[in-house]
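Me: Hi! I have a model open and would like to talk it through with you. Can you help me read it?

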Amino acid sequence: MKNISRNLAGHFLKIQSPFLAAMQMTLHDRYTDNVENIYKLTIQFIIQTLIDGYNEATKTKDKEKNGPS
């Protein structure tokens with residue numbers, strides 16, 4: 001989370017708890033500790049991908065706005 005503001009990163013991170021709760025409700029008794037760990041890693045990967053994509057888009061937009069350095 002280098003370039004993204006902490007505030008905006010916090011908004012992306014808010015996805016994790018509802019996602020895990022939805023998985024637990026969907027899987028019921030099949031939601032084991034192992035499954036929880038897998039879904040935690042999955043949502044962390046998704047969130048990091050969102051953050052990286054946002055940062056890359058911001059860099060591209062800044063370059064287009066300011067011209068090449």
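Me: Which residues are buried in H3?
Reply: In H3, the buried ones are Val 35, Ile 43, Ile 47, Ile 51 and Asn 55. Keep in mind that this is a predicted model.

Me: Thanks! How far apart are the end C-alpha atoms of helix H3, and what span should we expect?
Reply: Helix H3 covers residues 33-66, which is 34 residues. At 1.5 Å a residue it should span 50 Å, and its end C-alpha atoms are 49 Å apart, so the two values agree.

Me: Nice. What else is in the chain, helices or strands?
Reply: The protein chain has 3 helices and 0 strands. Read from the N terminus, the order is α-α-α.

Me: And how do H2 and H3 sit relative to each other, at what crossing angle?
Reply: Helix H2 is residues 16-27, and its axis comes within 10 Å of that of H3, with the two crossing at roughly 145 degrees. The crossing of H2 past H3 is right-handed.

Me: Which residues meet there?
Reply: On the H2 side they are Gln 16, Phe 19, Leu 20, Met 23 and Leu 27. On the H3 side they are Val 35, Glu 36, Tyr 39, Lys 40, Ile 43, Gln 44 and Ile 47. By type, the contact of H2 with H3 has 8 nonpolar, 2 polar and 2 charged residues.

Me: Let me pick on Gln 16. Is it buried or exposed?
Reply: Gln 16 counts as buried, because its relative accessibility is 18% and the cut-off for buried is under 20%. This residue is in helix H2.

Me: What is Gln 16 in contact with, leaving aside its neighbours in sequence?
Reply: Beyond the neighbours within four places in sequence, Gln 16 is in contact with Lys 40, Ile 43, Gln 44 and Ile 47. Two of the buried H3 residues, Ile 43 and Ile 47, are in that set.

Me: Changing topic: where is Lys 14?
Reply: Lys 14 is in the loop between helix H1 (6-13) and H2. Lys 14 has a relative accessible area of 54%, so it is exposed.

Definitions and conventions. Residues numbered from 1 in each chain as written. Predicted model: local features only at pLDDT ≥ 70, side-chain atom pairs only at ≥ 80, totals over all residues. Heavy atoms only, no water. Helix = DSSP H or I, 4+ residues; strand = E, 2+ residues; numbered from the N terminus. Expected span 1.5 Å × (residues − 1). Buried < 20%, exposed > 50% of the residue type's maximum accessible area, 1.4 Å probe, protein only. Axes fitted to C-alpha atoms, helices over the stretch in contact; angles between N-to-C directions. Left-handed = near helix turned anticlockwise from the far one by under 90°. Contact = heavy atoms within 4.5 Å. Nonpolar A, V, L, I, M, F, W, Y, C, P; charged D, E, K, R; others polar.
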